[in-house]
Amino acid sequence: MTRITLPRPDDWHLHLRDGAMLSGVLPETTRHFARAIVMPNLVPPVVTGAEAAAYRDRIRAAMPEGASFEPLMTLYLTETTEPADVAAAAASGLVKAVKLYPAGATTNSHSGVRDFDKVRGVLEKMAEIGLPLCVHGEVVDPAVDIFDREAVFIETVLDPIRRATPGLRVVMEHITTKDGVDYARAQGDDLGATITTHHLIINRNHILVGGIKPHYYCLPVAKREHHRLALREAATGGEARFFLGTDSAPHVDPLKECACGCAGCFTATNTMSLLAHVFEEEGKLANLSAFVSENGPRFYRLPVNRETLTLEKTAAAATWPAKIETGAGPVTVFDPGFPVFWHAID
C-alpha cells in the first residue's frame with residue numbers, strides 16, 4: 001500500500017500556548033488536523049468557563065487564513081474549581097473535558113491538585129453529566145523513581161478515584177508503559193487512553209545514549225524498550241480505547257537546550273508522516289484511520305470528520321523544517337532519527 005485516504009484526523013492532546021507562540025505553532029496543527037483537545041496549562045491556567053471562552057477566541061483569531069480547525073476547550077482542575085461552573089461550561093458546548101494535573105508533575109502544573117478529596121465534588125458532577133476527565137498520570141512523590149511514576153499513579157490515585165466515582169469517564173493521557181496499556185484494556189468503555197507519536201518512536205536510550213538529547217526529553221519521560229513495544233502494539237491494533245493525542249508541546253530552543261531543559265516534544269509538523277511509517281512497520285496501515293480519525297471522536301461522542309487527508313509513500317524522503325520560527329523564538333521539530341517516505345498531501 002503506497003497511498004491511504006483517511007477521515008481528517010484529530011489530536012486529542014495538544015499544547016498551543018498563547019501569544020506569539022500560539023500564532024507561530026498553530027498552523028502546524030491546522031495543516032492536517034480538524035480538531036484538537038487544547039490543554040489549559042497556560043500561565044495563569046484556564047480555570048473557568050469565561051477563561052476558556054477567551055482562550056478559544058484567541059486561538060480562532062490566530063488561525064491561518066482559510067484554515068478549517070476547531071479548538072476543543074478544556075478546564076484546568078484546581079482545588080477551588082466550582083462544580084457549577086464546570087457544568088455550565090459543558091452544557092454550553094464550550095468545554096469538552098477537564099484536565100487533572102497532579103501539582104508539580106509537568107509544565108505549568110503548580111496550580112494542580114494536591115488533595116484529591118478537595119475535587120471530589122467536581123468529579124461527581126462530571127460523572128453525572130458525562131464530561132471526561134483527562135489525566136496526567138504520574139505521582140509527584142520524590143521517593144518514587146521517575147520511571148515508575150505512571151504505574152504508581154494508576155495503583156494509588158487513578159484506580160481509587162474511579163472506584164470512588166462510578167460513571168466518571170476518564171482519558172489516561174499519553175500513556176508510556178505496558179502497565180498503562182494493561183490497565184486500560186482491563187476497564188470498561190468509560191476509560192480511554194491517548195498515545196503520543198514520539199513515545200511510539202523513542203525509548204529512554206534515545207534520550208541518554210551518546211549524550212543528552214534535550215529535544216527527546218518529555219514528561220512522562222520515555223521508558224524502556226518493552227514499554228515502547230507495548231505502546232506500538234496497542235496503538236496499531238485497532239482497539240477502540242486507544243487514540244492519538246500527540247502531546248505536541250512547543251518550547252523555544254533556549255529553554256530546551258539549557259541546564260534545566262523544559263519537558264516536551266514538538267511533533268505537530270510531522271506526526272502524520274511518522275505515524276504512517278510506524279503503522280507500516282507494524283503491518284497495520286489499515287488500522288491507522290481508527291487510531292487517528294475514529295476512536296477519539298467516538299469516545300468524546302463527536303462525529304467522525306467528513307473531510308479527508310491523504311498520505312502517500314514515495315521514493316523521495318519526506319522533508320520538514322528543522323525549526324519553526326515563531327515570534328517567541330525558534331522551536332525544534334521532533335526528529336525521528338531515520339528517513340520517512342510518507343507524505344501528507346495537504
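The model is predicted. Strand β4 is mostly covered, with six of its seven residues buried. Parallel partners of β4 include β3 and β5.

**Helix α1**
- Helix α1 covers residues 19–30, which makes 12 residues.
- From first C-alpha to last, α1 reaches 17 Å, close to the 16 Å expected at 1.5 Å a residue.
- Its buried residues are M21, L22, G24, V25, L26, E28, T29 and T30.
- The cover over these buried residues of α1 includes β2 (10–14), α2 (49–62), β11 (323–326) and β12 (329–332).

**Helix α3**
- In α3 (residues 83–91), V86, A87 and A89 are buried.
- Seen down the axis of α3, the buried residues fall within an arc of 165°, so they line one face of the helix.
- A84 and A91 are exposed on the other side of α3.
- The buried residues of α3 pack against α2, β4 (70–76), β5 (95–100) and α4 (120–129).
- G93 follows α3, and its phi is positive, near 90°.

**Strand β4 and its partners**
- Three bridges pair β3 (residues 35–38) with β4 in the parallel sense.
- Within this pair, I37 stands opposite L72 of β4.
- The chain goes from β3 through α2 to β4, a right-handed β-α-β crossover.
- β4 and β5 also run parallel, joined by four bridges.
- Here T74 has A97 in β5 as its bridge partner.
- Together, β4, α3 and β5 form a right-handed β-α-β unit.

Notes. Residues are numbered from 1 along each chain as its sequence is written. This is a predicted model: local features need pLDDT of at least 70, side-chain atom pairs count only at pLDDT 80 or more; totals for chains, interfaces and linings use all residues. Side-chain values use heavy atoms; hydrogens and water are left out. Helices (H or I, at least four residues) and strands (E, at least two) are DSSP runs, numbered from the N terminus. The expected span of a helix is 1.5 Å times one less than its number of residues. Buried means under 20% relative accessible area, exposed over 50%, partly exposed in between (1.4 Å probe, protein chains only). Contact means heavy atoms within 4.5 Å. The arc is that of the directions from the helix axis to the C-beta atoms. Two strands pair if DSSP finds at least two bridges between them. A crossover is right-handed if, with the strands pointing away from the viewer, the path from the first strand over the helix to the second runs clockwise.
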